[in-house]
Each structure stands twice: as C-alpha cells, then as structure tokens.
Amino acid sequence: MSVDTKNLTENQFEQWVAITQSNQMQDTHPLRITVSKSDNNLYQAKIDYTATQIDSVNSYKVNSSGELEAIDFEHYPAMKVVSQSFPEIKQNQLTTNQINMWVVAVQDALFEQKGLKPVIDVVYDLETATDGNIANVKVFKIDYTSSANGGADNANKTLINEFRINSDGNLEIKDVSRETGYRIISKVYMDTSMVQ
C-alpha cells in the first residue's frame, strides 16, 4: 500500500516522524511527538523528552514536494530532507524506540483525558523489555523536588501504567478488570483513537 506523502493524515505524519527519528537515535529515552499545522497547512512536529522539561530534540515538517524534512543542525535553523518515501511499518517488529514513541502517544492521550497536560503537569519515564515479538512497557510518573543548590532531585518514580505489544502487533494496556489482564488500546501504530 503506497502512501501519498503530499496528502498525509495526522496519524501517517506521526508514523513517518516516529520511524525516521527512531532510526536516527542512539539512546532509548522516551520521546513525545507534538504535531501541528504550519501557516501553509502542512504538518510539522516537535520532538521532546517525556522525563524532562527541556528544549525540543528535533523538529520535522513535510515540504511541498511531499518529503520529510528535519532540522539541519550544521546549518541551524535550516531544514534538510531526511526521507523521501513513507516507511514500511511492521507493528510486530518495532524497535524499542518505536515502541516507546507509540506508548508515549497513548499515555499522553490518557493524561489529557484526565485534564493533565503532559509537557506541563506531568513528567514520566518508561522501562521497556522485549521478549521475542512481545514487548512489555512500564510507565513511571516522576516527582521532582527542589534541591538545596537550586536544581532538582529525582524524588521518586511511581508505576502508573503497564503496556505490551502482543504477537499480532497491537498495543495493549494492563486492565485488572479483565480476565486476560490486558485490553487492546491501539491497533494502528501511533494512533490514539481507541484511548478511553
């Protein structure tokens, strides 16, 4: 199935950004993708960490030719083409970084349903473990306290959710009210439409 990169849905744009960013990453710190539209109605995205409130890690946009561009750090603030075609997505073969970005998208949607703004009201981290084609992800809310020298100390981490990617490539959330213990919360990579 080919994707028209000049007429992307928001979810397709997020997928493209997530796959491209994760392929460029060395570390596995969980990242948030924030999507908006530019003045000329093209998608753009900002990438930042979930566990800190610092400047963004990267920015992306789709140019008028349907190519994905990212910040050219050697010629900042210029942008450069980083991908010309939409990637193939195999949900049961995702990397740790790709899994983390999917969990972050869903976890942010869960926070927003409770009236919390993920960037402002809450910071969190993930622990991801993979076993074959099943991945388990724990989400920990981080509570920082001020330290004597004016910085912040990591006070404590509280487990708030558990996710897994099942063998079919669906993202599930732990649900103690169900016999199986899990329920599907997202069937399409980076999609949050099932979140409730």
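Mentor: **The helix pair**

Helix H1 passes helix H2 in a right-handed crossing; a crossing is right-handed if the near helix is turned clockwise from the far one by less than a right angle, and left-handed if anticlockwise. The contact is made by Ala18, Ile19, Gln21, Ser22 and Asn23 on the H1 side, and by Asn97, Gln98 and Met101 on the H2 side, where contact means heavy atoms within 4.5 Å. Sorted by class, that contact has 3 nonpolar, 5 polar and no charged residues. Here Ala, Val, Leu, Ile, Met, Phe, Trp, Tyr, Cys and Pro count as nonpolar, Asp, Glu, Lys and Arg as charged, and the others, Gly among them, as polar.

Before going on, a word on the source: this is a predicted model, in which local features need pLDDT of at least 70 and side-chain atom pairs count only at pLDDT 80 or more, while totals for chains, interfaces and linings use all residues. Residues are numbered from 1 along each chain as its sequence is written, and side-chain values use heavy atoms, with hydrogens and water left out.

Now the geometry. Two packed helices are described by the angle between their axes and the distance between the axes. H1 covers residues 10-24 and H2 residues 96-113; they pack at an angle of about 140°, with axes 8 Å apart. That makes H1 oblique to H2, because angles under 35 degrees count as roughly parallel, over 145 as roughly antiparallel, 65 to 115 as roughly perpendicular and the rest as oblique. The axes are lines fitted to C-alpha atoms, for helices over the stretch in contact, and angles run from 0 to 180 degrees between N-to-C directions.

Where does the pair sit in the chain? The protein chain has 2 helices and 10 strands, which are DSSP runs numbered from the N terminus (helices H or I, at least four residues; strands E, at least two). From the N terminus on, the order is α-β-β-β-β-β-α-β-β-β-β-β.

Ala135 lies in strand E7, residues 134-146, and touches Ile99, Ala129, Thr130, Phe163, Arg164 and Ile165, not counting residues up to four places away in sequence. Ala135 is buried, at a relative accessible area of 4%; buried means under 20%, exposed over 50%, and partly exposed in between (1.4 Å probe, protein chains only). Over the whole protein chain, buried residues make up 47% of the 196 residues.
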